[in-house]
Amino acid sequence: QVQLVESGGGLVQPGGSLRLSCAASGITFNLYDMEWYRQAPEKQRELVASIASGGTTNYADSVKGRFTISRDNAKNAMYLQMNSLKPEDTAVYYCNAQRRFVGYWGQGTQVTVSS
């Protein structure tokens with residue numbers, strides 16, 4: 001069974017930091033591109049950051065310079081370091097493992113940025 005589990009979300013003040021984790025099982029992790037998405041209420045799910053199987057990273061313009069995506073293939077894990085958080089970063093954050101036309105999603109973890 002494929003399973004992706006996000007963790008690390010919570011409540012943080014503007015300007016604060018959080019580190020999200022995504023633990024994967026049931027896939028050959030190193031072969032998958034890994035992605036972080038987020039979805040706020042009444043909004044479309046948007047791609048926040050991605051890290052390819054080869055290590056290439058991409059970021060949404062809204063988070064560039066503040067977020068850092070990384071992966072540890074030995075641990076079957078992917079991370080999102082979020083700094084200088086803003087209220088508009090508030091959303092449920094999801095990890096996705098993508099390979100060709102097959103993708104797997106986690107349940108999501110809530111990030112709330114508020115004073």
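Visitor: Is Arg38 buried or exposed?
Guide: Arg38 counts as buried, at 5% relative accessibility. Here, buried means under 20% relative accessible area and exposed over 50%, with partly exposed in between (1.4 Å probe, protein chains only).

Visitor: What kind of model is this, and how are residues numbered?
Guide: The model is predicted, so local features need pLDDT of at least 70 and side-chain atom pairs count only at pLDDT 80 or more, while totals for chains, interfaces and linings use all residues. Residues are numbered from 1 along each chain as its sequence is written, and side-chain values use heavy atoms, with hydrogens and water left out.

Visitor: How many salt bridges does the structure hold?
Guide: There are four salt bridges, a salt bridge being a side-chain nitrogen of Lys or Arg within 4 Å of a carboxyl oxygen of Asp or Glu.

Visitor: Which residue does Arg38 meet in a salt bridge?
Guide: Its partner is Asp89, at 2.9 Å from N to O. Asp89 lies in the loop between β8 (77-82) and β9 (91-99) and Arg38 in strand β4, so the pair ties together parts that are 51 residues apart in sequence. Strands (E, at least two residues) and helices (H or I, at least four) are DSSP runs, numbered from the N terminus. Asp89 is also buried, with a relative accessible area of 1%.

Visitor: And what about Arg66 and Asp89?
Guide: Their side chains form a salt bridge of 2.8 Å, N to O. Arg66 lies in the loop between β6 (57-59) and β7 (67-72), and Asp89 in the loop between β8 and β9, so this pair ties together parts that are 23 residues apart in sequence. Arg66 counts as buried at 11% relative accessibility.

Visitor: Which residues make up the network of salt bridges?
Guide: Arg38, Glu46, Arg66 and Asp89 are linked in it.

Visitor: Changing topic, where does Glu35 lie?
Guide: Glu35 belongs to strand β4, residues 33-39. Glu35 is buried yet has no salt bridge, and Arg45, the nearest side chain of opposite charge, is 9.5 Å away. For charge, Lys and Arg count as positive and Asp and Glu as negative; His and the chain ends are not counted.

Visitor: What does Glu35 touch?
Guide: Not counting residues up to four places away in sequence, Glu35 touches several residues, including Leu47, Met78, Tyr94 and Asn96, where contact means heavy atoms within 4.5 Å.
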